[in-house]
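This briefing goes through one protein model, topic by topic. Please keep the sequence and the structure at hand while reading.

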Amino acid sequence: YGFINTCLKSLVIEKYGEETWEKLRLQAGVQDSFLTFEVYKDEITMQLVDKACKILGVPADMVLREFGEYFFEFCKRSGYDHMLRTLGGNLYEFIENLDALHSYLSLSYQAILFVFVFPQEMNAPSFRVEKNEDGSMHLHYYSDRRGLCHIVPGIIGAAALDFFNIEISMEIVNQTEEEERTGKKEHIVFLVTQNPVFSYKERNKFSSSPQYLAGSENQIENRLKEEDLEKAKNTIRDRGNSVCPVKKSHWKTIRGIITLGKGKLLRGFDPVYPKSLWIDTKTFCNGLPFHMVFDKELRVKQAGVSIQKIVPGLQTMGICLDHYFSIVHPEVPFTISSIQKFINSQFVFQTRREMMPESWKQRPMLELRGQMIWMESLQCMLYLCSPLLRTLHELEERQMHIADIAPHDVTRDLILLNQQRLAEMELSNQLERKKEELRILSKHLEEEKKKTEALLYAMLPQHVANQLKEGKRVEAGEFKECTILFSDVVTFTNICAQCEPIQIVLMLNSMYLRFDRLTTVHDVYKVETIGDAYMVVGGVPVPVPTHAERVANFALGMIIAAKGVQNPVSGNPIQIRVGIHTGPVLAGVVGEKMPRYCLFGDTVNIASRMESHGVPSKIHLSSSAYQCLKYKNFEMSERGEIEVKGKGKMHTYFLIRNKTATENEIMGRP
């Protein structure tokens, strides 16, 4: 179930971080989220466990044990805390009733089980526990799934510490494969030893005593009881001396003590049985309508009235039970010895179709669930059971009624309550699916938002675009010093006259893609392109002291990049002119429909004049740009005075190269 995979995801994220989970998920090739009640393939979980071992560099047994401990806490956080706490008053009873818990959960979830399993044909693991004389236990674990036994110590250890305040150690003492009806079933035997977790005061009190060192919980409990008993006897003796002493025998004194200081009763409970059974056979069979008694040879000796009505063959006493029923759970052969081995488990029987009356053969087979009780004096087994029905629909499919179930049988209530619970689960599933759909839509929306922002930031400076998105007015800004570059293609008009339009578009696109990449390399801002003209600026919109160096390096890269663009007329590399000028500008957003970030001022005009009065494949500098680059490791040559349209005579220069940067560095190559 998705519940298992969600728990594994939660463990990885909580202990190792989101990045580790993402890496693990991608390597395992699984989705990011799982629906709680959705059934997933076993391979998904096994892949996650396998990749976790490799990525974390931890052995599989340690990963599974850690998962077991975390799974226990995850179940508690998921609302199963009270259910788990009420399984038993001690660890033995807790383990003994795990199969019963699985059976209950299967009513609602079909197979969400406390101990780590997957819904492979919905086969739950089975447990059998044996007490040893020294206080230890042998836990028998049966599972169709191999290699998962190391999860059991993690879960059982966490439960023992949390619920019963004891630390346990579990070691595998035997591991075999047993042939059951469904094939080979893994059978692991754990030796479970337990020690109480004392408070600091109690630990100091007993740490030096030989009884404590012997490591026996029973010895420690007896010592505590003896000390409390002695204190109570002394208290009564003192009271007797101070009031009216009455001579009492030793046993009368003991009987007079009702409770210890901690409120525990001294005297144990001994049940009282009648000399003869005060119930007649007819009343018993009517009061327990779904019960059966059979001997070692599986011959039926007695059956309840309702089960006789459904399986008429049981009215013939002495027939063999396995002719009419098969054991669904646990997966064991239908023999007395196998049943006795799992006497503490809940047994599920299913009627055999071929032995049912004609009216039943078209209906789903009836399943019975209950407990086995061995009656030593009669050498017979009593099966106390009820119909295993989850919903009213299942009841109707078998053409049964609530009246067929005994009034005292809680199966009546379970069917009605589970009907409502299943409706709630379906609603929960729908909500989970909608939540997952919203998560995916939100993820797609975020991706589209990033694409939109990337497109917007390509048209406008980021801080300007953010202000426009927020509905704010963008004020024009004055920049005291920046460096502007213009470039154009030599003889572009002649090329256009001799080529198809598509050839011009392809040529310009090839050139501009190279130039655009260089703007990122040298961190300059592309203002606009008009035809073959390309305009960039350094120091705007973010002022930087190295604006001139950035634009100069960008210009050197343009000259190199242009050599890779072919003239569609001659087939030779195209030639470009580049002009650079440094000075103050005013910058701001112009227009509301398709707004543009524009630069204004005489600096723009002069930069444009440097380009138009330039020389092919040369970088033309104004005197102000030259002054900014003069001491910055650039090689430049003087052009002299030239006549500039609208500006008169101007002293200009050519930029030759960067003395310290290689061509690869200029082009941003690795």
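This is a predicted model: local features need pLDDT of at least 70, side-chain atom pairs count only at pLDDT 80 or more; totals for chains, interfaces and linings use all residues.

F164 is found in helix α7, which covers residues 151-164.

**F164 and its surroundings**

- F164 counts as buried because its relative accessibility is 18%, and buried means under 20%.
- Not counting residues up to four places away in sequence, F164 touches G88, G89, N90, L91, F94 and A159.
- One of these, N90, is 74 residues from F164 along the chain, yet the C-alpha atoms of F164 and N90 are separated by 6.5 Å.

**Nonpolar cores**

- In soluble globular proteins, nonpolar side chains tend to be buried together.
- The largest nonpolar core has 55 residues, and the members that touch the most others are L48, L91, F94, I95 and F190.
- Helix α4, residues 60-85, gives the most to this core, with 10 residues.

**Cysteines**

- A disulfide is a covalent bond between the sulfur atoms of two cysteines.
- Requiring the sulfur atoms of a pair to lie within 2.5 Å, the count of disulfides comes to zero.
- C53 has a relative accessible area of 13% and is therefore buried.
- C385 is likewise buried, with a relative accessible area of 9%.

**Second largest pocket**

- Rolling a probe the size of a water molecule over the atoms shows where empty space is left.
- The second largest pocket contains about 610 Å³ of space.
- Its lining is made up of 25 residues, of which Y457, P461, V524, Y525 and K526 are the closest to the pocket centre.
- Two or more lining residues come from each of these elements: α16 (411-459), α17 (462-469), α19 (501-522), β12 (525-530) and β13 (533-538).
- Strand β12 supplies the largest share of the lining, five residues.
- Sorted by class, the lining of the second largest pocket has 12 nonpolar, seven polar and six charged residues.

Key:
Residues are numbered from 1 along each chain as its sequence is written. Side-chain values use heavy atoms; hydrogens and water are left out. On a 1 Å grid over the protein atoms alone, a cavity is a set of points where a 1.4 Å probe fits but cannot get out, and a pocket is an open set with protein on both sides within 12 Å along at least five of seven lines; lining residues have an atom within 4 Å of a point. Grid points are joined across faces, edges and corners, and a volume is the space filled by probe spheres set on the points. Helices (H or I, at least four residues) and strands (E, at least two) are DSSP runs, numbered from the N terminus. Ala, Val, Leu, Ile, Met, Phe, Trp, Tyr, Cys and Pro count as nonpolar, Asp, Glu, Lys and Arg as charged, and the others, Gly among them, as polar. Buried means under 20% relative accessible area, exposed over 50%, partly exposed in between (1.4 Å probe, protein chains only). A nonpolar core is a set of buried Ala, Val, Leu, Ile, Met, Phe, Trp, Tyr and Cys residues joined through side-chain atoms within 4.5 Å. Contact means heavy atoms within 4.5 Å.
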